[in-house]
Amino acid sequence: MLDYKKSIKQAGVSIIKILPMFIGIIFLVGIFETFVTPKMLAYLFNGNYFHDTLSALLSGSITIGQVVLGCIISFALLKKSVTIFAMTLFFLSFTTIGIIQIPLEVEVLGKKFTIIQNLLAILFIILSAFIITFLMGIL
C-alpha cells in the first residue's frame, strides 16, 4: 500500500527545491519582456530564412539553457511576433548546442567528435525547424 504522507512530503520537498529556479525563470522572463523591444527582435529575426537561421542558431547556442526555460523564452518570442521557424531554431539550439561547453567537449570527447556532433546537431535543428514550420502551416 502506498504511504500517502510520505509521497506528499517528498512532493513538498521537491517543490521547495525547484522554487528558486522558477523564481529565477520568472525574473528572467520579466527582464526579457522589459528590455527586449520588438525593434530589437525585428532586427534579430526579420523573417528572412537565411538571416533568421544564423541569428537563431547563434543566439540559441550562446545562451544554452534548460528545456523549461527554453519553452518560456520561445513563448515570449512568439508573443513578440517572431516566426515559428526562428523560434524553433532558437529553442532547439538553446537546448542542444552550447558554445560555452565546446572546450570541455573537446577535452573529454575529442576535437573530431565534437565538431561532427555539433555540425550534425545544426543540420538536424535546421531540418526540424523546416518540418515543424511546414506542419504548423498545414494545421
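Helices (H or I, at least four residues) and strands (E, at least two) are DSSP runs, numbered from the N terminus. The model is predicted, with local features requiring pLDDT of at least 70 and side-chain atom pairs pLDDT 80 or more, whereas totals for chains, interfaces and linings use all residues. Residues are numbered from 1 along each chain as its sequence is written, and side-chain values use heavy atoms, without hydrogens and water.

**View A. Packing of helix α4 (residues 67-79) against helix α5 (residues 84-96).** The two helices pack at an angle of about 160 degrees with axes 9 Å apart (axes are lines fitted to C-alpha atoms over the stretch in contact; angles run from 0 to 180 degrees between N-to-C directions). Helix α4 is therefore roughly antiparallel to α5 (angles over 145 degrees).

**View B. Residues in the contact of α4 with α5.** Contact (heavy atoms within 4.5 Å) involves V67, L69, G70, C71, I73, S74, L77 and L78 of α4 and I84, M87, F90, F91, F94 and T95 of α5. Eleven of these residues are nonpolar, three are polar and none is charged (Ala, Val, Leu, Ile, Met, Phe, Trp, Tyr, Cys and Pro count as nonpolar, Asp, Glu, Lys and Arg as charged, and the others, Gly among them, as polar).

**View C. Lining of the largest pocket.** The pocket (on a 1 Å grid over the protein atoms alone, an open set of points where a 1.4 Å probe fits, with protein on both sides within 12 Å along at least five of seven lines; lining residues have an atom within 4 Å of a point) is lined by residues including F32, M40, S59, I73 and F94. Helix α2 (38-44) supplies the largest share of the lining, three residues, and α4 and α5 each supply at least two. The lining comprises ten nonpolar, two polar and no charged residues.

How values were computed. Parallel < 35°, antiparallel > 145°, perpendicular 65-115°, else oblique.
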